[in-house]
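Work through these exercises with the sequence and the structure side by side. Try each task before you read its solution.

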Amino acid sequence: MIKNFTFESPTKIIFGKGSISALKREIPLEKRVMLLYGCSSLKTNGIYDKIIEALSNRSELFEFSGISSNPEYDYLLHCVELVKKNKVDYLLAAGGGSVIDATKFIALASLFDGDPWKIVESFGSCCKEALPLATVVTLPASGSEVNRDAVISRRSKKAKLPFGNRAVYPQFSILDPELTFTLPKEQTANGILDTFVHVLEQYLTISVNAKLQDGFAEKILCTLISDGLIAIKDPKNYEARSNLMLSSTMAMNGFLRAGVSMDWAIHMISHEITSLFDIPHSRALAILIEPYLIFCKEMKHQKLLQYSKNVWNIYNENEAESVELVIKKTIEFFQDLGFKTKLSDYQIKEKEVKMIVKQLISHKMIKLGENRNITPQVVEKMLLNCY
């Protein structure tokens with residue numbers, strides 16, 4: 001039976017070619033705006049100029065750049081200082097999940113009276129207000145453009161932790177598939193895999209006969225499989241890019257999780273791998289999928305069978321063989337996207353597995369998965385199967 005739920009999706013989505021022009025009408029003219037972005041690619045690919053043109057009706061526009069993947073807490077504090085100094089009252093994130101997540105933290109920290117790290121440590125619960133923010137998505141992957149969630153890293157604590165707060169729902173998000181035409185193949189693949197795992201973490205759990213949520217999840221997965229490789233081979237294929245962009249957004253707008261159990265163990269473990277060994281988020285996810293599904297194949301048996309039939313068209317009277325085959329096909333798809341799927345591929349030694357487990361314990365991630373039975377001991381066994 002579907003659980004009781006509250007579904008909230010207040011972010012306005014502005015989709016399509018040329019939609020950056022909407023910035024002019026969507027952000028109130030009296031607002032003091034700061035544009036936040038990552039590296040120089042926003043300028044070399046022409047997106048920066050389009051944003052500046054759309055905001056040319058303003059006498060003053062502030063900027064903060066250099067936000068990295070796995071946005072670093074200490075660096076973001078510099079932006080918080082600038083926001084306060086210049087009395088900025090509206091934030092505009094242009095980029096992928098890292099830039100948007102960083103902007104959400106800055107939106108909360110700029111109005112928080114206390115140690116900003118408490119925002120992360122409390123998983124966002126200590127805040128009641130944030131500066132308004134909006135996004136221009138250039139890398140579809142995280143879905144952060146339509147939800148209240150974010151992840152921030154802090155190297156000095158070897159921490160990468162999630163937080164959430166309804167105050168940081170973006171007011172609107174611009175989704176123009178043409179902005180993704182210049183993405184490198186690796187970045188496109190990262191977005192596809194990230195979205196794929198987001199869906200699996202909400203779908204491959206306890207069956208509650210949620211036919212709409214399951215059907216929506218399965219269609220997103222099928223779309224990623226069919227259009228993912230098209231976009232990598234033909235980067236300017238507008239239809240494929242559109243489908244991928246909408247898939248990543250809809251995967252994390254809250255509908256898939258409504259009334260169902262969620263997992264997120266893979267993500268929590270991957271955060272520790274990323275923070276310890278500086279492996280990109282999607283690459284860490286690709287390592288964990290196979291050993292995790294193998295370990296969970298009994299408790300996820302019914303959902304894996306459903307996944308095998310409705311996503312991969314596997315019809316086999318032998319259920320055990322179907323489960324084995326669908327796990328194999330999933331990993332082969334990741335490999336086709338260019339991902340390595342072993343810890344040994346990244347020169348992480350078996351003796352370093354204990355470091356990952358120790359980090360999970362230090363961050364109180366000791367009962368993971370939809371059944372809360374993924375303990376540190378289980379994680380260690382799984383990781384030792386990543387070689």
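Angles between axes run from 0 to 180 degrees and compare N-to-C directions. Keep in mind that this is a predicted model.

**Exercise 1.** Find the strands that helix α5 lies across, and give its angle to β4.

Solution. Start with the helix: α5 spans residues 97-109. Next, look at what lies against it.

**Exercise 2.** Work out the strand order of the six-stranded open sheet and name its edges.

Solution. Strands of a sheet pair through backbone hydrogen bonds, either parallel or antiparallel. Here the pairing is parallel, and the order reads β1-β8-β5-β4-β2-β3. The edge strands are β1 (12-15) and β3 (62-64), and each pairs on one side only. On average, neighbouring strands are turned by 20 degrees against each other, direction ignored.

β3 pairs with β2 (residues 33-37) in the parallel sense, over three bridges. M34 stands opposite F62 of β3.

**Exercise 3.** Describe the largest nonpolar core, then list the contacts of Y307.

Solution. The largest core holds 66 residues. Those touching the most other members are F196, I269, I273, Y307, W312, F334 and L383. Helix α11 (residues 281-296) supplies the largest share, nine residues.

Now take Y307. Leave aside its neighbours within four places in sequence. Y307 then contacts F196, L200, Y203, L204, L221, W312, V326 and T330.

Finally, look elsewhere. A second, separate core has 38 residues, including I119, C127, A159 and M245.

Definitions and conventions: Residues are numbered from 1 along each chain as its sequence is written. This is a predicted model: local features need pLDDT of at least 70, side-chain atom pairs count only at pLDDT 80 or more; totals for chains, interfaces and linings use all residues. Side-chain values use heavy atoms; hydrogens and water are left out. A nonpolar core is a set of buried Ala, Val, Leu, Ile, Met, Phe, Trp, Tyr and Cys residues joined through side-chain atoms within 4.5 Å. Buried means under 20% relative accessible area, exposed over 50%, partly exposed in between (1.4 Å probe, protein chains only). Helices (H or I, at least four residues) and strands (E, at least two) are DSSP runs, numbered from the N terminus. Contact means heavy atoms within 4.5 Å. Two strands pair if DSSP finds at least two bridges between them.
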